[in-house]
Amino acid sequence: MIHPQTKVSFISELVSDGVLARADIPRGTIVWTQDVLDQVFEQAAFDRFPPAVQAQLDRYAHRDALGRYVLCWDAGRYVNHHCDPALRGVGSWFMVARRDIEAGEEITCDYAECNLDEALMCDCADPACRGQIHGRDLLRYAGPWDAEARELAGLIRTVPQPLWPYLLDPAQAGALRDGQQDPISFRDQCAYKGGK
Ligand SMILES: [Zn+2]
């Protein structure tokens, strides 16, 4: 589920729709969580779908740490990639604002966290643009991203959390928030096992 103060909006011909903030959202806010209404498909189920359905999942679903397809039931499936994203995953099933997000700003994440099967070209025009986004970026950037996730977990208690009632595992989120548990490393969330 995506934060309630968001809306789907046309972004550009290149990326089509995306998600914008409708209000200021402070750093540390949980902006997306997997919830019980999202649909989760194993690879075997995906393989049985006709190609047209597979294409929809390839476009709108992300892959979790086990390589399963997760299809968000709400506007969460319209969140676009940016190499300097507004959100970072804390653990494998929710994402937190990594900076103060202003009303009207696009809410983006890093598609490397979506366990891409294939490299994706990016022209987000950010100075830090990687040019090519790949699932193995989780291995390459695990160090700094893990440190950021730990810092963001500590901010959860400092700001309102409207998505808290929808969290997939509130007990685990509470342990992360309270520092009783470290977020799972991005290295261990990587479904890409090809190394490098
Ligand atoms: Zn980029």
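Q: In this predicted model, are phenylalanine 46 and tyrosine 69 buried or exposed?
A: A residue counts as buried when its relative accessible area is under 20%. In this predicted model, phenylalanine 46 falls in that class, and tyrosine 69 does too, which means that the answer for both residues is buried.

Q: How are the rings of phenylalanine 46 and tyrosine 69 arranged?
A: A pair of aromatic rings is described by the distance of the centres and the angle of the planes. For phenylalanine 46 and tyrosine 69, the centres lie 4.2 Å apart and the planes stand at 0°, so the pair is stacked.

Q: Which parts of the chain does the pair of phenylalanine 46 and tyrosine 69 link?
A: The two residues are 23 residues apart, and the pair links distant parts of the chain. Phenylalanine 46 belongs to helix α1 (residues 43-48), while tyrosine 69 belongs to strand β6 (residues 69-71), and the parts asked for are helix α1 and strand β6.

Q: Which charged residue sits over the ring of tyrosine 69?
A: The ring of tyrosine 69 has a charged end over it, 4.0 Å from the ring centre. That charged end belongs to arginine 63.

Q: What is the bridge partner of leucine 87 in β9?
A: Strand β8 (residues 87-89) pairs with β9 in the antiparallel sense, over 3 bridges. Within this pairing, the residue of β9 that bridges to leucine 87 is alanine 97.

Technical notes. Residues numbered from 1 in each chain as written. Predicted model: local features only at pLDDT ≥ 70, side-chain atom pairs only at ≥ 80, totals over all residues. Heavy atoms only, no water. Pairing = 2+ DSSP bridges. Helix = DSSP H or I, 4+ residues; strand = E, 2+ residues; numbered from the N terminus. Phe/Tyr/Trp six-rings, centres within 6.5 Å; stacked < 30°, edge-to-face > 60°. Buried < 20%, exposed > 50% of the residue type's maximum accessible area, 1.4 Å probe, protein only. Lys NZ or Arg CZ within 6 Å of the ring centre and 35° of its normal.
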